[in-house]
Amino acid sequence: MVAEDYRMISMAIDDRDMVDRFLRGESEAVGTVDGWISRAAWPYQRRLADRWDDVLQDVRLEVTRLLGQGKFRGESSLRTYLWRVVSHTCLDQIRAQSKWKWADLETLDQGDGPAAAVHVPASNREDRDLLLRVLQRVPQDCREMWRMILAGLSYKEMSARLNVAEGTLRVRVLRCREKAASLRRTLLEGGKGQPT
Amino acid sequence: MTCDQAIELLPWYLNRTLDAGERAQVQEHLETCGPCGTALAETRQAASVFARHVPTAGLVAIAWGEPPAGIDPVLAGEHLASCPECAAELELARMSRRLEEEDNVAVFPPARKLTAVPAVARRSTGGWRAAALAASLGGLVAASGWVYSARDARQLADRLAAQPPAASTQVAQAGAPAPQAVTFLNVAPDQAVERGKAAEPAELPAAASPPVLALVTSGTGVYDEYQIEVRDERGVLVTTAPGIQKDPNGFYPVLLPRGTLKPGTYRLHVFGVAGSRREPLETYTIQKRQGG
């Protein structure tokens with residue numbers, strides 16, 4: 001066994017010891033982990049400013065949950081592992097706060113008549129790559145317009161921002177929707193995410 | 001309302017921005033029109049396509065120089081090249097990684113603690129690792145602004161350029177866009193200015209990625225740690241950063257995020273701390289312009 005191996009084993013033992021002490025609530029270990037969390041989360045602070053304290057607590061809960069469940073298996077250092085957990089959690093929070101109220105929309109039309117009867121297969125049941133492949137093949141201007149819709153802009157706001165007549169805009173958006181649907185069908189027929 | 005009119009309005013019916021009258025008309029039409037109900041479902045489906053992004057785990061993996069799990073790396077790269085949201089999120093993750101790699105880079109404002117001051121284990125640093133990381137990410141070193149001397153600037157640029165590429169290039173090789181440049185700004189101490197001349201402020205570059213300030217020091221004193229106070233033109237304290245370690249190459253590395261400071265001129269006062277002793281050392285002048 002070479003010195004490097006001994007060093008890695010030593011580091012792993014240190015990390016396991018740190019996890020044990022953190023889970024026992026020893027103040028030094030808790031302080032160390034909290035310090036890492038604070039520093040790792042720092043770049044996300046401005047984007048999550050409104051609910052920063054809640055986010056930090058969510059991150060800490062997530063870290064405690066993962067360590068408590070033995071998810072840390074020493075594949076990286078504890079420090080790196082936690083850093084990545086923090087980044088993951090903070091990015092999820094950013095996405096959750098900026099995402100179009102899609103969940104709300106899912107319930108919006110329930111009970112609204114025939115529209116509610118048309119069930120759309122949930123995208124999470126489809127190949128993630130497939131949807132991304134469709135997106136990449138849609139013209140850039142379509143993506144821009146739909147990004148605005150997903151950001152919650154009205155067609156009047158979009159018309160003013162893009163300097164096109166409202167009627168023209170509505171037709172263009174419809175064409176983009178049809179284009180996306182057509183591409184999706186093509187890719188589906190061509191096999192899992194493989195264009196024909 | 002005709003079917004054509006209703007169908008054209010569906011995206012905004014779903015994002016809830018139609019005015020009350022239009023909304024009621026669309027809703028009324030949908031209640032009696034099967035084909036338009038199908039069109040509504042197709043509109044939702046299209047929205048789910050346009051709402052796609054690189055999964056969070058994929059972004060984190062890329063930030064740490066690994067191929068993104070669960071997604072084709074080439075596809076992820078293509079998406080990152082055309083999606084400003086994902087690109088911005090990736091930049092945040094990369095900045096976080098930089099703070100992991102280089103824990104003697106101070107941040108402004110200081111990272112807020114969850115509990116009382118923790119005893120953070122400080123790793124010894126092996127030199128200019130932030131710079132090495134930046135170079136490995138394909139970052140272009142922009143030693144702009146007022147530098148200590150032309151020779152020092154050249155030496156820094158040479159050192160950064162000599163850093164070997166790291167594993168983080170995997171995704172780039174797989175077709176991802178070139179990572180965003182990391183900017184370094186050499187800032188000389190005001191004391192280096194000739195007697196009788198005013199210190200010329202180092203101007204913060206208007207880069208999308210925040211610059212790492214390399215506060216050049218020729219001081220040889222040894223202290224346990226260093227503190228930096230940032231004061232505005234009137235001498236009002238803006239923020240402080242304790243616990244800074246001097247880089248062995250003679251810099252105080254400081255990460256100054258975009259948007260932290262309002263436009264204006266600021267003085268950075270460095271103090272050396274040894275036990276209960278706190279001694280003033282160098283001062284540095286920086287300037288942030290409007291829109292910078």
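In chain A, 60% of the contacts with a separation of 6 or more are between residues 24 or more positions apart. The model described here is predicted. Chain A contains ten helices and zero strands, and its pattern along the sequence reads α-α-α-α-α-α-α-α-α-α. Of the 196 residues in chain A, 32% are buried.

The largest nonpolar core comprises 106 residues, among which A:Ile37, A:Leu82, B:Val187 and B:Leu215 touch the most other members. The greatest contribution to this core comes from helix H4 of chain A (residues 78–98), which gives eight residues. In soluble globular proteins, nonpolar side chains tend to be buried together. With neighbours within four places in sequence left aside, the contacts of A:Leu82 are A:Val33, A:Trp36, A:Ile37, A:Ala40 and A:Val63.

Between the two chains, 63 residues of chain A are in contact with 58 residues of chain B. On the side of chain A that touches chain B, at least two residues each are supplied by helices H2 (27–41), H3 (52–68), H4, H5 (102–108), H6 (114–117), H7 (128–137), H8 (140–150) and H10 (166–189) of chain A. By residue type, this side of chain A divides into 32 nonpolar, 13 polar and 18 charged residues.

One of the helix pairs across the two chains is formed by H10(A) and helix H3 of chain B (residues 34–50), whose axes come within 9 Å and cross at roughly 80 degrees. The two helices, H10(A) and H3(B), are therefore roughly perpendicular to each other, given that angles of 65 to 115 degrees count as such. On the H10(A) side, A:Arg177, A:Ala180, A:Ala181 and A:Arg184 take part; they meet B:Glu42, B:Thr43, B:Gln45, B:Ala46, B:Val49 and B:Phe50 in H3(B). The residues of the contact of H10(A) with H3(B) comprise five nonpolar, two polar and three charged.

A:Arg184 also lies 9.7 Å from A:Arg137, as separated by their C-alpha atoms, although the two are 47 residues apart along the chain. A:Arg137 belongs to helix H7 of chain A. With 16 other C-beta atoms within 10 Å, A:Arg137 is partly exposed.

Chain B includes an open sheet of five strands with mixed pairing, in the order S3-S9-S8-S5-S6. Strands S3 (202–203) and S6 (237–244) of chain B stand at the edges with a single partner strand each, so one side of each has no neighbour in the sheet.

B:His269 has B:Thr283 in S9(B) as its bridge partner. S8(B) and S9(B) form a hairpin, with two residues between the strands. In the turn, B:Gly275 has a positive phi of about 60 degrees.

Notes:
Residues numbered from 1 in each chain as written. Chains lettered and ligands numbered in written order. Predicted model: local features only at pLDDT ≥ 70, side-chain atom pairs only at ≥ 80, totals over all residues. Core = buried A, V, L, I, M, F, W, Y, C linked by C-beta atoms within 7 Å. Buried ≥ 20, exposed ≤ 12 C-beta atoms within 10 Å, placed from the backbone. Helix = DSSP H or I, 4+ residues; strand = E, 2+ residues; numbered from the N terminus. Contact = placed C-beta atoms within 7 Å. Nonpolar A, V, L, I, M, F, W, Y, C, P; charged D, E, K, R; others polar. Axes fitted to C-alpha atoms, helices over the stretch in contact; angles between N-to-C directions. Parallel < 35°, antiparallel > 145°, perpendicular 65-115°, else oblique. Pairing = 2+ DSSP bridges.
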